[in-house]
Amino acid sequence: MFHGWLVIHRPDDWIPALQERPRVSLFAAGRDLAGTTQVGEAAGSRPTSPASFKRTTTPSGREDREEPLPTSETRRARLSTEKATEKPAVKKSVRLKVVKKKVLKKKKKGKPSIPEAAAREQSECPPLGLESLRVRDSQLRASSIKRYGLGPHRGRLNIQSGIHDGDFYDGGWCAGQEDKNQWLEVDAKRPTRFTGVITQGLNSIWTKRKPNPSPGPPFLLGGSGQTDLLSLQIFPGNKDPETPVLSLFPTPVVARYLRINPQTWFENGTICLRMEVLGCPLPDPNNVYFWDQAPVTKDKLDFRHHNYKEMRKLMKKVNDACPNITRVYSIGKSYLGLKMYVMEISDNPGQHEVASASKHNFVEDKPVQLSDPESLSSATIWPGGQETLPRLTLACPLACLPAGEPEFRYVAGMHGNEALGRELLLNLMEYLCHEYQQGNPRVLRLITETRIHLLPSMNPDGYETAYKLGSELAGWAMGRWTYEGIDLNHNFADLNTALWDAEDNEMVPHQFPNHYIPIPEYYTFANATVAPETRAVISWMQRYPFMLSANLHGGELVVTYPFDMTRTYWKAQELTPTADDTVFRWLATVYATSNLAMIDDDRRLCHYDDFMREGNIINGANWHTVPGSMNDFSYLHTNCFEVTIELSCDKFPHESELPREWENNKESLLVYMEQTRRGIKGIVRDKDTEQGIADGIISVDGINHDIRTAFDGDYWRLLNPGEYEVTAAAEGYHPVTQSCRVSFEDTPTICNFRLTKTPKQRLREILAKGGKIPKDLILRLRQLRLRKLRSQKRAQ
């Protein structure tokens, strides 16, 4: 949108650092061992190869100047002269075989060009931190502002404007005057080696701006009162409001202040921009200023951005390091054929564990004997998995054994350009593997009691698009969608509308289910607009009985919980809670209160929403409506409770930011996974056969949302502490209700159920097998018929 001058200022106390270092020429400064200068060649003489010199030694032991070695031409000439002086004895005819050899000369590597050197220098220096908020508002100044909402604090790369025109949160800095003396300045607070800038136009949903590519005339801006003018650099402007433009300096400059002075803008417009600065902080012995107080992680992980191939290598590396607790599998392919890999971490990878005596948390120092006359199983346990500890002998009926491992998942990369979640999950794989090997008790318990699934890239095609551009040049939306242009967070089936219509007609739950809502038929058609990535994830959800999940995004610092879609279809924002609103609020609060970035009260807003007033959590629909979200689909179609976590203001942070982001989120990632121990769990069994009953319905009194048992009869139900009346029901069985108390302990309450078949169900099974009907069953069926007839007569 403009062509401008870049003005660099230096601090008064850093004069020595600004002196230009002398460039040393290796050829001119080279000397031999004798102490003489390097020998040059006469004009017009043929250059001699360095390999054609040999070193001679003087009698005094000092090496003398090198003399030329005999070449092949000199050898042949010397041989011909020697033969000419000799007398030929006998003439013989000799056949000479000439063999020509090709000599491949290696091309000398020339010096890198100025753009290549500048690019290498730029890659070494990370962003100063305008987008990631490491640069504070007080470090930004401007010559003038149009209004407070367009002040210098808004001139950050990729900052987004508010939905209200003229508010305090607009999408960039705009000058109050329209002349060539306007500037935007950043104070690095210390001497810094600046290598380039990235500029962007104004972000606004109300204003459209036309670019003016014509360059302006040269302009010289004088130094301010507190700084001295150092140098000027010119760089091209932007052609559209959103595409970032990188401008590298031909030579890095050491300074403290950096000032951008726009020179041209379109007619009838204003001077507006957003920017990021590339620079490396330098040590300053005269200024004790703590530039970065962010925690430094001690975990030795691979902190860099991984493309598709590098991601596969890292997952394979973790699998090879911990083959006994990890498994890598694919749930499908993207539109371009990239596989969607998942890392499973469990003590028995590849198995859905149900009742297992070895899962009991008996860690006593003395043997414990549990006996029961109805005992059907027994097992021997080693506490903590250590053979050196005392042995525990357990004898317990199957009915007293709890359900096995709950299934948990993390999903990242739904939007390809939101790359932080992808790297956090890759780091989490490395961390869990390493800590398990080190015997970390917290990690040991987590892996032993939970089956963890990590999907680092749900949209691999979109990520590859953003990755090619780089962390700072991908912009706000490049790579967000799939290759087909589909937003995956709006691509799941809309089950909310069907549920709410049934509730309005008072059909729930007797005529219409409040859970496991079927997918509409139109959504399953081959020509339906459903991405292959979405179909793969839905199939994944149906294949594994997940109970808890989180969807990792980027661009804000907040945790959102369902519902994501407003109940009033024409509203963009509306509080739309679920039947498990208190549980979802707890899950969101757990992550937000343990995240180091979210709990920082001194941080500024990412863009325009102040989530800190609500504890950095919000109902998704109350923020903005998202029809067809994965969170709502997961809650209504499966047993899984899922929230969305916005991890960072910067969607695609620079690699230098990754260690700090890992430290911000490490505890949150672990604590959230540990919420699988909250609530109740158990197994619903057939009283006669002790076999698990699949698709049994678990209902909690007062909560209009049920869950179902898995294929082995086990279930997990997230609940906050309290007393609950829980009912287990299944087709062909009499329902059973019992009271379950959820405590504040770090273990779920075990609520097992044993159901009895109904007489009709027993009759069906006997007739199907061709057996004889027992007399007690015949009497029971007659009683039921008489009861039904009496009720019909009373109704008449």
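Student: What is the torsion about the S-S bond of C125 and C280, and which hand does the disulfide have?
Tutor: This is a predicted model. In it the torsion about that S-S bond is about -120°, so the disulfide between C125 and C280 is left-handed. The S to S distance is 2.0 Å.

Student: How many disulfides does the structure hold?
Tutor: It holds five. Another one is formed by C322 and C433, with 1.9 Å between their sulfur atoms. Its S-S torsion is about 85°, so this disulfide is right-handed. C322 is in the loop between α5 and β10 (326-333) and C433 is in helix α6, which places these linked parts of the chain 111 residues apart.

Student: Are C322 and C433 buried or exposed?
Tutor: C322 is buried at 1% relative accessibility, and C433 is buried with a relative accessible area of 6%.

Student: And what joins C740 to C751?
Tutor: A disulfide, with an S to S distance of 2.1 Å. C740 belongs to strand β25 (residues 736-742) and C751 to the loop between β26 (749-750) and β27 (753-755), eleven residues apart. C740 counts as buried at 1% relative accessibility, as does C751 at 3%.

Student: Let us turn to charges. How many salt bridges does a search of the whole structure find?
Tutor: The search finds 34. In general, side chains of opposite charge can pair when their charged atoms come close. One of the salt bridges is formed by E407 and R451, whose closest N and O atoms are 2.9 Å apart. E407 is in strand β14 (residues 407-412) and R451 in strand β15 (residues 451-455), so to speak two distant parts of the chain, 44 residues apart.

Student: Which residues are linked with E407 and R451 in a network of salt bridges?
Tutor: R327 and E344 are linked with them in that network. E407 is buried, with a relative accessible area of 1%, and R451 is buried at 3%.

Student: What about E242 and R274: how far apart are the closest N and O atoms?
Tutor: They are 3.4 Å apart in a salt bridge. E242 lies in the loop between β7 (228-235) and β8 (245-262) and R274 in strand β9 (residues 272-281), so the pair ties together parts 32 residues apart in sequence. E242 is partly exposed at 31% relative accessibility, whereas R274 is buried at 0%.

Student: Why are E449 and R445 separated by about one helical turn?
Tutor: Because they are four residues apart in helix α7 (residues 441-449). With a relative accessible area of 19%, E449 is buried, because the cut-off is under 20%. R445 is partly exposed at 27%.

Student: Changing topic: how many residues of strand β19 are buried?
Tutor: Six of its six residues, 641-646, are buried. F641, V643 and I645 point one way, and E642, T644 and E646 point the other way.

Student: Which strands pair with β19?
Tutor: Strand β16 (residues 546-553) pairs with β19 in the parallel sense over six bridges, and S549 stands opposite E642. Strand β17 (residues 558-561) runs antiparallel to β19 and is joined to it by three bridges; there V559 stands opposite I645.

Student: Now helix α8. Which of its residues are buried?
Tutor: In α8 (residues 460-469) they are P460, D461, G462, Y463, E464 and A466. Their cover includes α5 (308-321), α6 (420-438) and α10 (532-543). Just after the helix, G470 takes a positive phi of about 105°.

Student: Last one: what is L140 in contact with, beyond its sequence neighbours?
Tutor: Leaving aside neighbours within four places, L140 contacts L130, V135, P152, H153, R156, E185 and V186. The C-alpha atoms of L140 and V186 are 4.7 Å apart, although 46 residues separate them along the chain. L140 is in strand β4 (residues 140-142) and is buried at 6% relative accessibility.

Definitions and conventions:
Residues are numbered from 1 along each chain as its sequence is written. This is a predicted model: local features need pLDDT of at least 70, side-chain atom pairs count only at pLDDT 80 or more; totals for chains, interfaces and linings use all residues. Side-chain values use heavy atoms; hydrogens and water are left out. Buried means under 20% relative accessible area, exposed over 50%, partly exposed in between (1.4 Å probe, protein chains only). Contact means heavy atoms within 4.5 Å. A salt bridge is a side-chain nitrogen of Lys or Arg within 4 Å of a carboxyl oxygen of Asp or Glu. Two strands pair if DSSP finds at least two bridges between them. A disulfide is a pair of cysteine sulfur atoms within 2.5 Å.
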